[in-house]
Amino acid sequence: MTSVSAPGSAEASAPSLSEEYVAALTDLESEFGELITHFRHTVTENAERLSPGLLPTAYKTFTTIVRYESTTASVLVDALQMDKGQLSRTLRELEGLGLIARTPDPSDRRATLLSPTPDGITRLAEARRPQEGRMLRALSNWDLSELQTLTALLHRLTTGAREA
């Protein structure tokens, strides 16, 4: 069995990995690439259904605001790893479309809270309706334990990626 250094790391600090391990990592990267492509396609479709011409970045910003229920621009900058100027333009667009509302933050008068509007929530549900069930259909023959294992492993991966 031949060992190789971890891809993208310095020889001196890289652990010695078997060729099989490196091949498995390469296969995993490929599968994530396919999943990301599929996800981008879904986001693009949903953005267009939410508001014709809406860019995927604006859709992701809006869905993040919906998930947080109420948040600030500074939290979004961190969560989305987005430039402040780009976020500001995106928020103006979302507000102009009636998808979000700005209100003063009662705990910090200098800050503004961003929240989805009731119309925004309704429109998002309508935009997502055509894709409802895709995940269910794709995973319907999986055991509950397989779903729980996948979820735990993905959580472990994302937690580790943030800490790396």
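Visitor: What should I know about the model and the numbering?
Guide: The model is predicted, so local features need pLDDT of at least 70 and side-chain atom pairs count only at pLDDT 80 or more, while totals for chains, interfaces and linings use all residues. Residues are numbered from 1 along each chain as its sequence is written, and side-chain values use heavy atoms, with hydrogens and water left out.

Visitor: What volume does the largest pocket have?
Guide: About 1400 Å³. A pocket here is an open set of points on a 1 Å grid over the protein atoms alone, where a 1.4 Å probe fits, with protein on both sides within 12 Å along at least five of seven lines. The volume is the space filled by probe spheres set on the points, which are joined across faces, edges and corners.

Visitor: Which residues lie nearest its centre?
Guide: Phe32, Leu35, Phe39, Met135 and Leu154, out of 33 residues that line the largest pocket. Lining residues have an atom within 4 Å of a point.

Visitor: Which helix gives the most to that lining?
Guide: H1, with 11 residues. Helix H1 (19-50), helix H2 (56-68), helix H6 (134-139) and helix H7 (144-163) each supply at least two. Helices are DSSP runs (H or I, at least four residues), numbered from the N terminus.

Visitor: How does the lining of the largest pocket divide by class?
Guide: Into 18 nonpolar, nine polar and six charged residues. Ala, Val, Leu, Ile, Met, Phe, Trp, Tyr, Cys and Pro count as nonpolar, Asp, Glu, Lys and Arg as charged, and the others, Gly among them, as polar.

Visitor: And what is the volume of the second largest pocket?
Guide: About 330 Å³. Its lining includes Ile36, Phe39, Arg40 and Met82, and H1 gives the largest share, five residues.

Visitor: Switching to packing: at what angle do H2 and H5 pack?
Guide: About 120°, with the axes of H2 and helix H5 (residues 118-128) 11 Å apart. Axes are lines fitted to C-alpha atoms over the stretch in contact, and angles run from 0 to 180 degrees between N-to-C directions. H2 and H5 are therefore oblique to each other (angles under 35 degrees are roughly parallel, over 145 roughly antiparallel, 65 to 115 roughly perpendicular and the rest oblique).

Visitor: What about H1 and H5?
Guide: H1 and H5 pack at about 130°, with their axes 8 Å apart. That makes H1 oblique to H5 as well.

Visitor: Which residues make that contact?
Guide: Asn46, Arg49 and Leu50 of H1 and Arg123, Leu124, Ala127 and Arg128 of H5, where contact means heavy atoms within 4.5 Å.
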